Amino acid sequence: MGTDHVVSRRTWGIAAAGILVSVVCLALIRRSIGTDTEAFYGNLPSILTGAAASITALWAAMHFDRSEGFRRQWLLIGLGMSAIFAGDAIFAYLEVVAHKEVPFPSIADPFYLVSFLLFGGGLLLTLLSFRRSLSIMAPLTVSFVTCALATVALWPSIFWPIITDAEAGSFEKLLTIWYPIGDLWLLAFPALALAIALSRLGGGRLAWPWWALVVGFSGIALSDTLFALMSNDGTYASGSTIDAGWWFGYTAVAVAASLLVDVQRPIRRGGAS
Amino acid sequence: MSKQIRDTAVGVLEPLVGRAMATLYVADAASQVGMTSDEIEPGDVRAVCDVLRSKIGPFAARPVVDQAIEDIISQTRV
């Protein structure tokens, strides 16, 4: 059974549109550096791919019956993407429409911060639902050790500068440190455990959406981490190349949601659903 | 006949969960019904399928599970 029989045109279209928007905007950003349109092109892909991911994930969740576990898992993931979309929309409004230097913390930050809880909840629900059919203790252990080592490795460059920042208040420090903690322990930890657990399914089509989701969350977590490092150095600007990790990550989440609906259709021999 | 039934069940499940897990799930299901996967007879298929349903249930929506079970039963009918 080839992918052409399972993967819908809708899924291919979402993937192609997300990649196209991201690549075109990256090129336009390069051509508009220093002009008024740089911030516009820097924010546009986040808005478009974020909206696509949140709509597709919520649509996929509602596609399943209330009694199906997928509904709860993807509602949480869809709400997490909606929170990110709301944060990005507020950030873009402040930067592009109101022409303001976006402060930290801004009104966008609560939306970003709550998205970690929703993503982590969705991923952990998924992992727990697999425990009857896959061993999850070994994946959880490997993922825990990996994330603990990453926390130690990132301590001097990310965590320590936040904790010892003399100019920041306690509340600001708490908000700032929530980002790397959320990325490592609410995104990367369950996503890596899920990837290891799913590796046992090999090329089985029921694993495909989860692979895409893991790729998407890895892209988001990578960009978040690079953003934190560059912000500490003062080298980050909206529309930096690292933003592409968010855009491709959101696109992968949208693809994962669409793919979930594709692979969960009963497919008759010969490919007809 | 028994090996044919095992191969059919694995063949139906393989596109869903991969060859390794399909083989493992069929072996597990047969073992829970009290036999090896080489010993499944046509009369045991429904019982084995009931166990398989619980194995692939967490990964698959109900219509996909129903379809897989229906395929195994129809393809192993004598």
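These legends go with a set of close-up views of a predicted model.

View 1. For the complex, the predictor reports an ipTM of 0.91 together with a pTM of 0.91. Chain B has an average pLDDT of 93, and 97% of its residues score at least 70.

**View 2. The face that chain B turns to chain A.** Here 18 residues of chain B meet 18 residues of chain A. Three helices of chain B, namely α1 (2-33), α2 (45-56) and α3 (62-76), each put at least two residues into the side that touches chain A. The top contributor is α1(B), with 7 residues. Sort that side of chain B by class and you get 12 nonpolar, 3 polar and 3 charged residues.

View 3. B:Ile73 sits in helix α3 of chain B. Ignoring residues up to four places away in sequence, B:Ile73 touches B:Val45, B:Arg46 and B:Cys49. Take B:Arg46 as an example: B:Ile73 and B:Arg46 are 27 residues apart along the chain, yet their C-alpha atoms are separated by 7.1 Å.

**View 4. Helices α8 and α9 of chain A, side by side.** A packed pair of helices is described by the angle between the axes and the distance between them. For α8 (residues 208-233) and α9 (residues 243-263) of chain A, that angle is about 165° and the axes are 7 Å apart. Since anything over 145 degrees counts as roughly antiparallel, α8(A) and α9(A) are therefore roughly antiparallel to each other. Their crossing is left-handed. The residues of this contact split into 18 nonpolar, 5 polar and 1 charged.

**View 5. Zooming in on A:Pro209.** A:Pro209 belongs to helix α8 of chain A. Which residues does A:Pro209 contact, leaving aside neighbours within four places in sequence? They are A:Ala256, A:Leu259, A:Leu260 and A:Val263. As for A:Ala254, which is 45 residues away from A:Pro209 along the chain, the C-alpha atoms of the two are separated by 9.7 Å.

**View 6. Helices α6 and α7 of chain A.** Here's another packed pair: α6 (residues 137-163) and α7 (residues 170-198) of chain A make an angle of about 160°, with axes 9 Å apart. That makes α6(A) and α7(A) roughly antiparallel to each other. The crossing of α6(A) and α7(A) is right-handed, and the contact residues comprise 21 nonpolar, 4 polar and 1 charged.

**View 7. A backbone angle to check at A:His99.** A:His99 lies in the loop between α4 (69-97) and α5 (109-129) of chain A. Most residues other than glycine have a negative phi. The phi of A:His99, though, is positive, near 50°. What about its surroundings, buried or exposed? A:His99 counts as exposed, because it has 9 C-beta neighbours inside 10 Å.

Note on methods: Residues numbered from 1 in each chain as written. Chains lettered and ligands numbered in written order. Predicted model: local features only at pLDDT ≥ 70, side-chain atom pairs only at ≥ 80, totals over all residues. Axes fitted to C-alpha atoms, helices over the stretch in contact; angles between N-to-C directions. Helix = DSSP H or I, 4+ residues; strand = E, 2+ residues; numbered from the N terminus. Parallel < 35°, antiparallel > 145°, perpendicular 65-115°, else oblique. Left-handed = near helix turned anticlockwise from the far one by under 90°. Nonpolar A, V, L, I, M, F, W, Y, C, P; charged D, E, K, R; others polar. Contact = placed C-beta atoms within 7 Å. pLDDT = per-residue confidence, 0-100. Buried ≥ 20, exposed ≤ 12 C-beta atoms within 10 Å, placed from the backbone.
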